[in-house]
Amino acid sequence: MDRIQAVNRKRIEWCCAEQGMAPELMAAVLDMSADRWTAFWNDEAGLTFNQLRKLADYFGRGVLFFLEPGPALAEQVHTPQFRTLAQQKPELSHRLRLLIERVESQRALFLSLREDLDDMLWSPFQAPDLPLGNVSAAAKLARQWLGLGEQRNDFESYRKAVEGKGILVFRTNGYNGPWQIAKESPVAGFALYDEQCPVIVVKKMPSEAPQSFTLMHELAHVLLHKKSWIDDEADLRATEGREQQANLFAGLVLVPEHFLTAINDAERPANVAAFDEWLKPQRRAWGVSTEVILRRLLAVG
């Protein structure tokens, strides 16, 4: 079988370093013996095309990436948005890195096709003019900008409202595959900021209510901070910094203050285990969790 000799080993080494793995571990990925890998690594043998394709698939690159001469440079390989997320969470898993790049590829494909879309189906993103330093006022204006009225809402209606403003929203798969954030991963979602077409990715969860909060939390990073951002589940409970601002914004967009007048505190059960049932009408109408409603009630005393 013909073997390809012109494989750029420096680029393989660069990819391995990005993943924090030793190059010799690639032998198992490529179904090669340790001796054959050593011979390849020492420039004594090449790779078959199938092995080269496995290598490219593993790192989420094209085959030609490993045949091009010269070193791989992060600023050429990764977008600024990707590098921002990688700097925020240096411990990002290989799988999550590939997902981020896959999302970026889909965004690029969408933009390349956008000219063929009917204007009625897609409106370019134009950030609203929100006041800096006043999250409450910003959330009120953002809710108006999204066109959220008094009607019942759920994750899909919130998603439709956000996408109607030129922001792509992905929800990852619940089953194993290239479009899943692993169940054991603490990451709840991320946002890729772009002046033309931002993207928000939300991890699929057992119930939709937490997804709505993640969606609005990431929207805060897009509208308030104008930054790419990645969030662990713990960030959705943060009480300081930009994460606290994003949490406050999300809560106010989903549950504005006048909504709370629908809750009769005199009926509040003594046993906290009964709170879910007590707030069931509001949870269903607003598409949020009991925790979000309780946070809002606590915020207003």
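**Close-up views of a predicted model**

View 1. R9 is located in helix α1, which spans residues 9-19; helices (H or I, at least four residues) and strands (E, at least two) are DSSP runs, numbered from the N terminus. The model is predicted, with local features requiring pLDDT of at least 70 and side-chain atom pairs pLDDT 80 or more, whereas totals for chains, interfaces and linings use all residues. Residue numbers start from 1 along each chain as its sequence is written, and side-chain values use heavy atoms, without hydrogens and water. R9 has a relative accessible area of 14% and is buried (buried: under 20% relative accessible area; exposed: over 50%; partly exposed: in between; 1.4 Å probe, protein chains only). A polar atom of the R9 side chain lies 2.6 Å from the backbone oxygen of F40. With the side chain of D43, the side chain of R9 makes a polar contact at 3.4 Å (a pair of N or O atoms within 3.5 Å; within protein, one must be able to donate a hydrogen and the other to accept it, and residues adjacent in sequence count only if both atoms are side-chain atoms). Leaving out residues up to four places away in sequence, R9 touches F40, W41, D43 and A45 (contact: heavy atoms within 4.5 Å).

View 2. In α6 (residues 80-88), Q81, F82, L85 and A86 are buried. These residues lie on the same side of α6 because they cover an arc of only 135 degrees around the axis, taken from the directions from the helix axis to the C-beta atoms. P80 and Q87, on the other side of α6, are exposed. The cover over the buried residues includes α7 (94-113), β2 (187-192) and β4 (229-232).

**View 3. The largest cavity.** One cavity of 30 Å³ or more is found in a search of the whole structure. On a 1 Å grid over the protein atoms alone, a cavity is a set of points where a 1.4 Å probe fits but cannot get out, and lining residues have an atom within 4 Å of a point. The largest cavity holds about 50 Å³ of space, a volume being the space filled by probe spheres set on the points, which are joined across faces, edges and corners. Its lining includes E18, Q19, F82, H94 and R97. α7 gives the largest share of this lining, four residues.

Conventions:
On a 1 Å grid over the protein atoms alone, a cavity is a set of points where a 1.4 Å probe fits but cannot get out, and a pocket is an open set with protein on both sides within 12 Å along at least five of seven lines; lining residues have an atom within 4 Å of a point.
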